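This report describes selected features of one protein chain. Please keep the sequence and the structure in view while reading.

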Amino acid sequence: MRISIFGLGYVGCVGAACLAKLGHTVIGVDVNENKVRLINDGKPTIIEDGIAELCAEASAAGRMSATTDVHEAVHKTDVSFIVVGTPSSKEGHLNLNYIYAVAKQIGEALKDKELKNEAKKTLRHIVAIRSTVLPGTNEKVGEIIAEASGLVRGKDFTIVCNPEFLREGTSVQDYFNPPLTLVGTDMPEAEVVFREIYKGIDAEFICTDIRVAEMMKYVNNTYHALKIVFGNEVGNICKELNIDSHKVMEIFCKDKQLNISPYYFKPGFAYGGSCLPKDMKALKTLAHDHYVDVPVIEAIGESNELQKKRAVQLIMAQGKRKVGILGLSFKAGTDDLRCSPIVDVVESLLGKGFEIRIYDKNVKVSELTGTNKDFIMAKIPHLQHFVSDDLEVVCRESDVLVVTNKEKEFADLLARYPNKIVVDLVRQWKEVDYNGHYEGISWGDVNANSVGQNSVIAKDFCQTEF
Ligand SMILES: NC(=O)c1ccc[n+]([C@@H]2O[C@H](COP(=O)([O-])OP(=O)(O)OC[C@H]3O[C@@H](n4cnc5c(N)ncnc54)[C@H](O)[C@@H]3O)[C@@H](O)[C@H]2O)c1
């Protein structure tokens with residue numbers, strides 16, 4: 001494959017040398033003449049384990065060169081990677097000026113490149129954004145290239161998102177052993193080309209929506225940062241208690257079922273129950289008692305409260321007063337109401353004058369005992385007035401149905417009550433028709449494609465109180 005790489009910094013240099021190693025012919029492009037000279041001399045522009053050998057080898061084999069001439073690079077290649085820097089602005093926004101400048105240059109160079117040739121139909125130029133960019137950048141880059149070239153995206157050229165997951169220090173090793181290869185595209189032939197580009201790399205190849213791919217790097221890096229500060233906060237508490245923090249985290253990581261696993265990673269409703277809220281508070285208070293600041297651990301509870309407020313706001317935003325709550329306990333298959341997050345939502349809605357009906361096949365008000373009874377009576381003293389053991393009655397008498405757990409008996413609700421508004425807090429349904437009758441708490445209609453479509457929630461969010 002013939003590939004041009006725009007930006008010969010850290011990621012660009014490693015990418016150029018590694019793609020050449022995979023057998024491709026690479027032309028690097030940079031505004032910095034010194035970097036161009038280094039590459040043409042068979043030398044890397046950065047210091048990194050193994051990169052000098054790769055550059056020398058690629059250069060000697062005639063598979064890697066560099067230029068400042070955008071036109072030449074675009075015309076001699078089929079795929080252009082954009083790997084220029086995306087620094088933070090003073091205010092913390094992402095500065096995409098370098099990306100947009102390169103997009104314009106590529107567009108101008110594409111203008112007179114022969115793209116209409118029938119034989120080249122499957123090889124129309126592909127521009128791959130490898131830099132870390134926010135969702136929506138791909139679309140904007142497409143517009144810039146279309147405007148600068150007069151060509152049509154999807155017909156004459158294609159843009160894909162192909163984020164980079166390497167770490168400085170082990171970047172060559174990471175390039176050849178990535179956790180996965182991710183390509184976001186709306187064009188099937190781009191997937192074929194990228195499978196070819198990375199066919200020498202033994203990693204799962206995932207082809208997905210462009211905006212999903214754009215989001216991934218931010219989710220990854222934010223999670224990595226969260227892991228670091230979480231481990232540090234646990235360590236700081238352990239130190240005060242003379243507990244071996246490394247042993248603690250080592251054992252923590254051995255639990256691949258609940259800790260290092262996909263479990264608990266599904267966007268949805270707040271956590272609750274008799275353990276998580278209590279134990280979170282206990283650890284936080286233990287830290288306070290030892291004068292250890294744990295802002296991340298503290299923020300977990302705050303974030304959880306916000307998710308309950310979000311649910312209230314989402315229900316209120318439907319503009320109806322009769323609300324049916326389907327599931328009151330903290331999860332399916334139990335009658336445990338202690339710290340059940342939906343109880344706080346119900347308490348808040350009752351306070352705002354909503355007409356509430358509740359169905360939960362496991363909750364029999366007359367049979368509640370002990371701390372379970374004490375908790376619910378303190379929150380909703382007249383619970384028996386709102387609860388019905390007839391699902392059909394609750395659904396019929398409500399305009400909005402709030403699904404709070406994945407009980408099987410709720411599975412056909414959308415079909416049975418097509419005119420009711422369903423607010424789904426648990427992703428009971430994956431494939432739904434977003435026809436104005438369905439709202440997911442943390443997911444929406446991906447085809448609507450308008451950022452902030454739920455702004456009705458965001459706008460009133462701060463005003464919601466329990
Ligand atoms: N450094 C990392 O570990 C890492 C890992 C993964 C992803 N990323 C992302 O990759 C992107 C690049 O990061 P980096 O660390 O390689 O940046 P860098 O600053 O080291 O390199 C950017 C290069 O782009 C060049 N450049 C700027 N404008 C140009 C133009 N118009 N034409 C051609 N070249 C131009 C610069 O001269 C520079 O050499 C960023 O979005 C970054 O967030 C970085």
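Over the ring of which residue does the charged end of lysine 140 sit? The charged end of lysine 140 sits over the ring of tyrosine 100, 5.9 Å from the ring's centre.

## Basis of the model

The model is predicted; local features need pLDDT of at least 70 and side-chain atom pairs count only at pLDDT 80 or more, while totals for chains, interfaces and linings use all residues. Residues are numbered from 1 along each chain as its sequence is written, and side-chain values use heavy atoms, with hydrogens and water left out.

## Charges over rings

A charge sits over a ring if NZ of Lys or CZ of Arg is within 6 Å of the ring centre and within 35 degrees of the ring normal. Besides the contact of lysine 140 with tyrosine 100, arginine 321 lies over the face of phenylalanine 354, at 4.0 Å from the ring centre.

## Aromatic pairs

A pair of aromatic rings is described by the distance of the centres and the angle of the planes. Rings of Phe, Tyr and Trp (its six-membered ring) pair if their centres lie within 6.5 Å; planes under 30 degrees apart count as stacked, over 60 as edge-to-face and the rest as tilted. By this rule there are nine aromatic pairs. One of them joins tyrosine 223 and phenylalanine 265 edge-to-face, with 5.4 Å centre to centre and 85° between the planes. Tyrosine 223 lies in helix H9 (residues 210-240) and phenylalanine 265 in the loop between helix H10 (245-254) and helix H11 (276-289), so the pair ties together parts that are 42 residues apart in sequence. Helices here are DSSP runs (H or I, at least four residues), as are strands (E, at least two), numbered from the N terminus.

Tyrosine 223 is partly exposed, at 31% relative accessibility, and phenylalanine 265 is also partly exposed, at 48%. Another edge-to-face pair consists of tryptophan 429 and tyrosine 438, with 6.2 Å centre to centre and 85° between the planes. Both of these residues, tryptophan 429 and tyrosine 438, are buried. Buried means under 20% relative accessible area, exposed over 50%, and partly exposed in between (1.4 Å probe, protein chains only).

## Domains

The chain is divided into domain 1 (2-208), domain 2 (214-265) and domain 3 (304-463), with bounds that come from an automatic or database domain assignment. Taken over C-alpha atoms, the centres of domain 2 and domain 3 are 32 Å apart.
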